Amino acid sequence: MEFLVKLAEGFIGMFQEGGNTFVGLVTGIIPLLIALITFVNALIHLIGEERINRLAEKSTKNIILRYSLFPVLSVFFLTNPMAYTFGKFLPEKQKPAFYDSAVSFVHPITGLFPHANPAELFVYMGIAAGITELGLSLGPLAVRYFLVGVLVILIRGIVTERITIYMMNKREKQMANQQ
């Protein structure tokens, strides 16, 4: 009998915890995202989507800037997960690579700019705890984490773009052969 009671309590406890998580989302990140989305859309509307598109096009013509500076700015200014919306200003063939770069940068930025991804700050803080236990400064760690992150997102962006273009060309050839 005691087993059934514990099983029932555990079962309902799982749903209670899910409800607590849901309430946390409704009162935490969802209003923040709605406010950010509204702000960004209003800003784009005020500036003009054509101007934003031209600026994004100019700043992303260079493959190095496209997968280094562009994702860094998007993560810094819009934070995770809103940063991925910058991809809407890119051509389809570059969107997967931009997303790969931006999503790969949400961790390395936290050492210098924790506002960008506070939910994942625990990863950096876990590493930082070991460094501080050794009596070392966190500044060099944060800078190295950031710089290595930029290098990694650049490599990932270039590789993902090449793979995407290859796959798109392959699909186009298959579609042409079917007709």
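This report describes salt bridges and surface patches in a predicted model.

Residues are numbered from 1 along each chain as its sequence is written. Local features need pLDDT of at least 70, side-chain atom pairs count only at pLDDT 80 or more, and totals for chains, interfaces and linings use all residues, while side-chain values use heavy atoms, without hydrogens and water.

A search of the whole structure finds five salt bridges, each defined as a side-chain nitrogen of Lys or Arg within 4 Å of a carboxyl oxygen of Asp or Glu. Among them are the following pairs.

| Salt bridge | Closest N and O atoms |
|---|---|
| Glu2 with Lys6 | 3.8 Å |
| Glu161 with Arg66 | 3.1 Å |
| Arg162 with Glu161 | 4.0 Å |

Arg66, Glu161 and Arg162 are linked in a network of salt bridges. Glu161 lies in helix 8 and Arg66 in helix 4, so their pair ties together parts that are 95 residues apart in sequence; helices are DSSP runs (H or I, at least four residues), numbered from the N terminus. Arg66 is buried at 5% relative accessible area, and Glu161 is buried at 5% relative accessibility (buried: under 20%; exposed: over 50%; partly exposed: in between; 1.4 Å probe, protein chains only). By contrast, Glu2 and Lys6 are both exposed and lie four residues apart in helix 1 (residues 2–27).

On the surface, Arg51, Arg54, Lys58 and Lys61 gather in a patch of positive charge. Patches comprise residues with over 30% relative accessible area and no salt bridge, joining like charges within 9 Å and nonpolar side chains within 5 Å. Arg54, in helix 3 (residues 49–59), is partly exposed at 47% relative accessibility.

Conventions. Areas by Shrake-Rupley, 256 points an atom, 1.4 Å probe, with all protein chains shown as cover. Lys, Arg positive; Asp, Glu negative; His and termini not counted. Charge placed at Lys NZ, Arg CZ, Asp CG, Glu CD. Helix = DSSP H or I, 4+ residues; strand = E, 2+ residues; numbered from the N terminus.
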